[in-house]
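Please load the model in a viewer and keep the sequence panel open beside it. The stops below are given in the order in which they may be selected.

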Amino acid sequence: MRDLLVALFVLGSLPVSFRRPVLGLMVFSLLAYMRIQDLTWGFARDQRWSLYVALAMFSGFAAMPDKRMPPMTFRTGLLYFLPVWTFLSLLRESGAEAFLSANYVEYAKIVAVALFTMCVVQRREHLRALMWVIGGSFAFFGLKNGAAAILSGGSLYIIRGPGGLLEDNNDFALALAMSIPILVGLATSEMNGYYRKWLRAFVPLTVMSVLATRSRGGFLALGVGTFVMVWRSKSRILGLSIMGLAGVIGLFLLPAEMFERLKTLQNVEEDGSAQGRLRAWAVAGRMIQDKPLLGVGFNRFQRYYLQYGDRVYERADGSRVTHNAYLQIWSECGTPALLAYFSLMALSVLAVQRLRRDAKRIYERSWIISYCTAFEAMMLTFMVGSTFLNRAHFDLIYHYFAIILVFERIARAEMADPLAASRAQRSYFGGALQRVRERGFRARPASSERGFRTTPLDVPTARPRREF
């Protein structure tokens with residue numbers, strides 16, 4: 001039954017994806033992050049649904065008479081540069097085999113979807129819907145796995161992801177930790193009171209899901225993201241006090257299996273997994289010294305591991321990955337690729353911080369400020385978590401690079417004329433409400449209004465700057 005429902009949903013979405021490519025992007029994101037196909041057990045599980053949706057939405061975009069291309073910014077240029085330089089590093093090491101590399105094709109698809117996002121997400125309603133799809137996808141797993149971990153008393157087996165790039169428990173923990181700031185950002189920006197309550201309810205369950213993965217890197221990333229959100233809140237002292245209290249309570253309530261796993265962070269010398277990571281980092285360092293410009297080739301760290309590593313330790317633990325996104329890029333693709341990757345992350349964080357400062361000069365409360373805090377916490381969560389994972393080509397972070405660019409463009413346009421944006425929202429949702437009434441349906445109560453929360457004034461208020 002599940003297989004039939006998934007098949008009908010995806011096949012039914014293909015005409016819509018062609019007609020409106022932005023809706024195709026929503027379906028594609030649902031398949032990528034919620035992975036509804038992996039929740040089935042029959043024929044639908046092995047179908048290439050994402051490919052079908054991608055073909056429909058890209059074809060529809062090509063047929064659009066008024067299509068827009070990605071905005072030409074420095075960060076957009078970096079997104080173009082990375083796959084080109086990565087291919088050159090692969091071409092140098094493998095020759096003609098580079099054109100047949102399935103791993104590189106997957107990476108190129110990730111960047112292509114990111115660039116496509118900048119083309120079709122043009123309005124804040126589009127951005128809001130995309131954020132709901134991504135945040136809701138991980139909230140589903142937060143609810144499902146968090147509830148299972150609580151009901152089992154924390155003794156549940158190590159929780160893994162649904163499939164694809166999220167199958168590994170460490171990757172899944174990082175994705176869940178990155179989703180928590182998004183859920184909080186949605187909860188603080190939505191007008192609908194019911195939405196806010198449900199979104200807040202998902203947060204502690206998602207936190208429990210991160211702990212249930214037993215991923216130490218995910219735990220550290222979760223702590224960083226939480227600290228950033230608390231620091232950006234209006235009640236820092238209260239928030240930090242709650243964090244400290246939650247930590248103390250967790251020491252007593254955390255199940256023994258989880259506590260013992262996290263306790264190994266204190267004894268790196270005695271932990272075999274940590275020692276394997278250190279050896280892998282040393283091997284990556286030797287590769288970088290030998291080939292600093294183009295590296296050993298995209299996704300070829302494993303192939304060259306024995307050439308640069310220690311065969312004695314290799315037989316012991318079989319470590320064949322870098323366990324570090326930055327060393328992964330540096331050793332495989334060279335210094336220019338690492339600098340481009342670092343620049344994308346740093347400039348994305350600086351962009352949302354600058355936008356947040358500008359928005360606070362205009363608004364007392366706004367969805368723009370909420371999204372800025374969410375994106376900043378999410379990026380820093382990834383930057384810490386990827387220090388322990390070889391996830392330099394994580395599709396989620398490239399998608400967020402593009403989403404932040406889109407968000408910045410939409411927010412800047414709204415801040416340039418806040419009154420017009422406010423009138424447009426009232427007109428959009430007011431028109432929808434009027435159409436409901438004309439069809440004879442009962443109108444929704446005020447508590448279930450939709451849209452963004454912002455300063456409840458017709459004229460934005462300029463906040464006086466605080467002097468420190």
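Select Gly 334 first: this glycine follows helix H15 and has a positive phi, near 95°. The model is a predicted one, in which local features need pLDDT of at least 70 and side-chain atom pairs count only at pLDDT 80 or more, while totals for chains, interfaces and linings use all residues. Residues are numbered from 1 along each chain as its sequence is written, and side-chain values use heavy atoms, with hydrogens and water left out.

Next, select H15 itself, residues 325–333. Helices here are DSSP runs of H or I with at least four residues, strands are runs of E with at least two, and both are numbered from the N terminus. Eight of the nine residues of H15 are buried, where buried means under 20% relative accessible area, exposed means over 50%, and partly exposed lies in between (1.4 Å probe, protein chains only). Among the buried residues are Tyr 326, Gln 328 and Glu 332. At the start of the helix, a side-chain oxygen of Asn 324 comes to within 2.9 Å of the backbone nitrogen of Tyr 326.

Which residues line the second largest cavity? Select Leu 82, Thr 86, Tyr 107, Ile 329, Cys 333, Ala 337, His 393 and Tyr 398. Helix H4 (74–94) and H15 are the elements that give two or more residues to this lining. By class, the lining has six nonpolar, two polar and no charged residues; Ala, Val, Leu, Ile, Met, Phe, Trp, Tyr, Cys and Pro count as nonpolar, Asp, Glu, Lys and Arg as charged, and the others, Gly among them, as polar. The volume of this cavity is about 30 Å³, and the whole structure has two cavities of 30 Å³ or more. A cavity is a set of points, on a 1 Å grid over the protein atoms alone, where a 1.4 Å probe fits but cannot get out; lining residues have an atom within 4 Å of a point. Grid points are joined across faces, edges and corners, and the volume is the space filled by probe spheres set on the points.

Move to Arg 409, in helix H18 (residues 395–416). Arg 409 counts as partly exposed because its relative accessible area is 29%. Beyond its neighbours within four places in sequence, Arg 409 is in contact with Pro 71, Met 118, Val 121 and Gln 122, contact meaning heavy atoms within 4.5 Å.

Glu 190 is in the loop between helix H7 (169–189) and helix H8 (193–212). Is Glu 190 buried or exposed? Its relative accessibility is 0%, so Glu 190 counts as buried. Display its side chain together with that of Trp 132, with which it makes a polar contact of 3.0 Å. A polar contact is a pair of N or O atoms within 3.5 Å; within protein, one must be able to donate a hydrogen and the other to accept it, and residues adjacent in sequence count only if both atoms are side-chain atoms.

Then select Arg 35, in the loop between helix H2 (21–34) and helix H3 (49–63). Its phi is positive, near 50°. Most residues other than glycine have a negative phi. Finally, Asn 299 lies in the loop between helix H12 (272–290) and helix H13 (301–308), and its phi is also positive, near 60°.

Terms used:
On a 1 Å grid over the protein atoms alone, a cavity is a set of points where a 1.4 Å probe fits but cannot get out, and a pocket is an open set with protein on both sides within 12 Å along at least five of seven lines; lining residues have an atom within 4 Å of a point.
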